[in-house]
Amino acid sequence: MQMTLRWYGSRFDTVTLQQIRQIPGVTGVISTLYDTAPGDVWELSDILALKKEIEDAGLSLAGIESVNVHDAIKAGLFDRDKYIDNYIATLENLGKADIHLVCYNFMPVFDWTRTELARVRPDGSTVLAYTQEAVDQLNPEEMFSSISGDTNGTIMPGWEPERMQHIKELFEMYRSVDDEALFSNLKYFLERIMPVCDKYDINMAIHPDDPAWSVFGLPRIIINKANILRMMKMVDNPHNGVTFCSGSYGTNLENDLPDMIRSLKGRIHFAHVRNLKFHSPTNFEESAHLSSDGSFDMYEIMLALYDIGFTGPIRPDHGRMIWGEVAMPGYGLYDRALGATYLNGLWEAIEKSHRK
Ligand code: DNO
């Protein structure tokens with residue numbers, strides 16, 4: 001595996017490449033062209049400039065998170081082919097730039113959903129948190145405004161203000177889309193992009209829905225083992241794979257994370273590893289990465305990745321805000337650096353104990 005950190009680009013991130021370079025064992029970043037909108041074609045020159053900036057700082061660009069999928073594709077609208085053509089043109093340019101990993105999601109409207117961006121924990125750190133009870137009391141239009149005060153002046157991925165202004169229309173767009181329709185729209189999209197992925201050896205890594213159940217009555221499909229296996233079978237190509245995100249699949253306590261990892265051997269192209277602390281099955285917060293701080297056994301998760309021979313990039317995921325840092329919620333430097341170091345420590349121990 002290659003340990004990486006997510007980085008939004010020098011114009012958007014509070015963390016610098018130089019700081020990332022100093023985290024022991026982190027050799028690459030996962031980045032994006034953060035000012036592109038879903039449906040845009042990414043210019044080769046912009047991709048190459050991003051790559052050069054990262055490489056000049058002594059790091060590698062290990063993959064893209066995300067090339068976002070336009071809602072017309074997810075909802076299966078009449079004009080989806082135009083946006084798929086643009087997506088293919090972007091993949092083509094990424095391939096030309098020698099980039100072979102693309103993380104994306106197929107969540108209608110919201111991407112990931114949290115109800116609090118700064119819940120205070122007993123140690124004084126603040127974390128992202130979710131309660132279903134809070135969602136049940138909100139209407140979707142209030143969702144964005146209810147949390148937007150806590151973003152520390154940053155633009156949260158998947159919560160771009162321009163998109164959120166059109167939330168009513170977005171909901172309207174998905175009115176007749178149920179889980180089956182979403183599966184078939186995903187199949188259509190994947191079948192169309194696989195040839196360019198084959199040509200440039202690009203691994204597509206779908207990110208799970210977070211939380212891993214339906215919110216506001218919207219369809220959600222990338223939520224459990226049965227559904228991901230169905231998705232991989234319906235377009236049976238090794239380039240059609242997954243981002244294994246422990247914090248997203250883990251929102252549903254019925255998901256057995258190590259078992260899921262083992263059943264996805266060969267198709268996990270990217271891993272997000274983080275811990276959650278549950279207060280009830282529908283009330284959780286994003287704890288520190290350490291097993292003892294949350295509800296997951298992080299050793300078992302890393303062991304499962306080791307057992308399947310995982311060689312792709314891995315990144316610590318959302319970190320807590322600690323030591324007075326002001327950054328995009330979940331994406332500060334300090335706690336993610338602690339997370340990377342801890343995960344690297346687990347990996348070293350697992351590797352060495354298997355060598356004996
Ligand atoms: C949240 C992230 C997601 C993820 C996308 C992938 O912090 O994990 O926004 O990047 O769903 O497309």
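This is a predicted model: local features need pLDDT of at least 70, side-chain atom pairs count only at pLDDT 80 or more; totals for chains, interfaces and linings use all residues.
Reader: Let's start with the whole chain. What radius of gyration would a compact globule with 356 residues have, and what does the protein have?

Author: Because a compact globule of 356 residues would have a radius of gyration near 21 Å, the 19 Å of the protein agrees with that expectation. The C-alpha trace spans about 55 × 45 × 40 Å along its principal axes. Of the 356 residues, 45% count as buried.

Reader: How many helices and strands are there in the protein?

Author: You will find 14 helices and 12 strands. As for contacts with a separation of 6 or more, 74% of them join residues 24 or more positions apart.

Reader: Now the strands. In which sense do strand E5 and strand E6 pair?

Author: A pairing is read from its bridges, and two of them are enough for strands to count as paired. Here E5 (residues 116-120) and E6 (residues 126-131) pair in the antiparallel sense over three bridges. One place to look is valine 120, whose bridge partner in E6 is threonine 126.

Reader: Which strand do three bridges join to E6?

Author: That is E11 (residues 283-285), and E6 and E11 run antiparallel. Look for tyrosine 130, which stands opposite phenylalanine 284 in E11.

Reader: What is the phi of aspartate 201, and where does aspartate 201 lie?

Author: Aspartate 201 is not a glycine either, yet its phi is positive, about 55°. Its place is the loop between helix H9 (179-200) and E7. With 12 C-beta neighbours inside 10 Å, aspartate 201 counts as exposed.

Reader: And which peptide bond ends at proline 211 in a cis form?

Author: The bond from aspartate 210 to proline 211 is cis, with omega near 0°. Proline 211 belongs to the loop between strand E7 (203-207) and helix H10 (225-234). Another cis bond runs from glutamate 65 to serine 66, with omega near 5°. Serine 66 lies in the loop between strand E3 (60-65) and helix H3 (71-74).

Reader: Which residues are around the ligand?

Author: Glu65 and Ser66 are among them, together with Cys103, Tyr104, Asn105, Asp111, Trp112, Pro157, Gly158, His207 and Gly330. Strand E4 (residues 101-105) gives the largest share, three residues.

Reader: One last residue. Is serine 246 buried or exposed, and why?

Author: Burial is read by counting neighbours, with 20 or more C-beta atoms within 10 Å as the cut-off. Serine 246 has 27 inside 10 Å, so it counts as buried. You will find serine 246 in helix H11 (residues 246-249). Leaving aside neighbours within four places in sequence, the contacts of serine 246 are Leu257, His272, Val273, Arg274, Phe296 and Ile301.

Note on methods. Residues are numbered from 1 along each chain as its sequence is written. Helices (H or I, at least four residues) and strands (E, at least two) are DSSP runs, numbered from the N terminus. Two residues are in contact if their C-beta atoms, placed from the backbone, lie within 7 Å. A residue is near a molecule or strand if its C-beta atom, placed from the backbone, lies within 6 Å of it. The radius of gyration is taken over C-alpha atoms; the globule rule is 2.2 Å times the number of residues to the power 0.38. Two strands pair if DSSP finds at least two bridges between them.
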